[in-house]
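Subject: The model, and what turned up in it

Hi,

Here is the structure I promised to hand over. Have a look at it first, and then read on for what was found.

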Amino acid sequence: MATRASAARCSSIALLLLLALAGTSSAQLSTGFYSKSCPGVFNAVKSVMQSAIAKEKRMGASILRLFFHDCFVQGCDASLLLDDTSGFQGEKMATPNNGSVRGFEVIDAIKSAVEKACPGVVSCADILAIAARDSVVILGGPSWDVKVGRRDSTTASFSGANNNIPPPTSGLANLTSLFAAQGLSQKDMVALSGAHTIGLARCTNFRAHVYNETNIDGTFAKTKQSGCPSTSGSGDNNLAPLDLQTPTVFENNYYKNLVSKKGLLHSDQELFNGGATDAQVQSYVGSQSTFFQDFVAGMIKMGDIMPLTGSSGQIRKNCRRVN
């Protein structure tokens with residue numbers, strides 16, 4: 001009898017230890033986290049994303065970028081969505097985000113639809129993760145099951161946004177180390193960079209590459225110069241497609257452009273410039289399915305970066321401010 005009681009106590013302690021360990025990692029994230037509490041969440045997100053992308057194709061790339069910029073700063077916790085206030089400095093005005101991150105109103109619309117279906121249940125961090133996946137799928141890319149169960153931060157990191165997000169001037173070594181700091185391999189980095197098969201970039205981010213650098217196709221450089229004046233401060237916000245062929249279709253043309261020396265950003269062309277990642281780029285040119293497979297693996301890994309789970313953080317009522 002005593003033995004049975006002590007065995008029961010031991011198994012209870014073991015269970016508590018397991019639960020405690022689960023709370024310190026992404027172990028609590030699961031694809032079925034909302035299966036009982038909010039089964040309609042995926043349809044609600046998809047419906048708003050479909051409308052948003054039908055209205056403006058570029059929005060898919062914008063939402064995918066929001067997720068990337070969120071996860072690289074204190075994990076996938078929706079810290080990027082918090083507005084600045086007189087007593088709070090968020091991440092929106094940090095150099096990689098200021099004047100370029102967009103799509104917040106779409107996240108607001110999704111949050112509103114989800115709150116109608118299940119008030120106070122689904123985090124803004126999960127909404128962003130699901131919306132990023134839906135953006136890729138709607139524009140013709142691969143699908144995957146999104147792990148959910150994240151909670152929202154009550155803090156943000158302006159310095160983290162300035163230091164952790166790779167700038168467009170990055171060389172291969174810098175790109176590799178900034179991704180490694182988030183637990184992502186060089187292979188993940190090259191695959192996730194394929195997100196640039198959709199979307200647009202501002203002249204200020206590709207000016208130096210198209211005017212001053214030699215690892216670029218001459219005709220392509222001249223074409224881009226026509227929409228991007230050489231003087232800093234002039235036409236800084238003029239836009240050009242990151243993938244010159246199909247900027248609203250998610251496929252492997254981005255890598256084909258790199259092999260032709262038609263990467264728009266310096267950091268893009270660094271992936272195919274006589275270095276360690278050339279072979280991986282070539283493999284994606286030869287096989288879109290290999291790219292899709294590696295991209296999905298990278299997105300799932302990125303979604304696992306330091307999530308708040310259990311009783312950490314909160315479920316924000318409004319994605320732009322803490323409760």
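First, a term for what follows: on a 1 Å grid over the protein atoms alone, a pocket is an open set of points with protein on both sides within 12 Å along at least five of seven lines, while a cavity is a set of points where a 1.4 Å probe fits but cannot get out; lining residues have an atom within 4 Å of a point. Grid points are joined across faces, edges and corners, and a volume is the space filled by probe spheres set on the points.

Please keep in mind that this is a predicted model: local features need pLDDT of at least 70, side-chain atom pairs count only at pLDDT 80 or more, and totals for chains, interfaces and linings use all residues. Residues are numbered from 1 along each chain as its sequence is written, and side-chain values use heavy atoms, with hydrogens and water left out.

The largest pocket has a volume of about 890 Å³. It is lined by 39 residues, and Arg65, Phe68, His69, His196 and Leu265 are the closest to its centre. Helix 3 gives the largest share of this lining, six residues. Among the other elements that each supply at least two residues are helix 7 (172–180), helix 8 (186–193) and strand 1 (200–202). Helices (H or I, at least four residues) and strands (E, at least two) are DSSP runs, numbered from the N terminus. By class, the pocket lining has 23 nonpolar, 11 polar and five charged residues. Here Ala, Val, Leu, Ile, Met, Phe, Trp, Tyr, Cys and Pro count as nonpolar, Asp, Glu, Lys and Arg as charged, and the others, Gly among them, as polar.

**The cavity**

How many cavities of 30 Å³ or more are there? The count comes to one, and about 90 Å³ of space lies in the largest cavity. Its lining includes Phe67, Trp144, Lys147, Arg150 and Asp304. Helix 14 (residues 288–303) gives the most to this lining, with three residues. The cavity lining divides into six nonpolar, one polar and four charged residues.

**The chain as a whole**

The chain has 14 helices and two strands. Its C-alpha trace spans about 85 × 40 × 35 Å along the principal axes. The radius of gyration, taken over C-alpha atoms, is 21 Å, which agrees with the value near 20 Å that a compact globule of 323 residues would have; the globule rule is 2.2 Å times the number of residues to the power 0.38. Of the 323 residues, 48% count as buried. Buried means under 20% relative accessible area, exposed over 50%, and partly exposed in between (1.4 Å probe, protein chains only).

Among contacts (heavy atoms within 4.5 Å) between residues at least 6 apart in sequence, 75% join residues at least 24 apart.

**The cores**

A nonpolar core is a set of buried Ala, Val, Leu, Ile, Met, Phe, Trp, Tyr and Cys residues joined through side-chain atoms within 4.5 Å. The largest one has 72 residues, of which Ile107, Ile110 and Phe295 touch the most other members. Helix 5 (residues 124–138) brings the largest share of this core, nine residues. Leaving aside neighbours within four places in sequence, Ile110 is in contact with Val45, Val48, Met49, Ile127 and Ala131. A second, separate core of 12 residues includes Ala201, Phe206, Phe220 and Cys228.

**Some single residues to look up**

- Ala78 sits in the loop between helix 3 and helix 4 (104–117). It has a positive phi of about 65° although it is not a glycine, and it counts as buried because its relative accessibility is 0%.
- Met306, in the segment after helix 14, also has a positive phi, near 40°, in a residue other than glycine. At 54% relative accessibility, Met306 counts as exposed.
- Asn97 lies in the loop between helix 3 and helix 4 and is buried, at 1% relative accessibility. Not counting residues up to four places away in sequence, Asn97 touches His69, Leu80, Glu91, Lys92, Ala161 and Ile165.
- Ser62 is found in helix 3 (residues 59–71) and is buried, with a relative accessible area of 8%.
- Gln280 belongs to helix 13 (residues 278–286) and is buried, with a relative accessible area of 16%.

Best wishes
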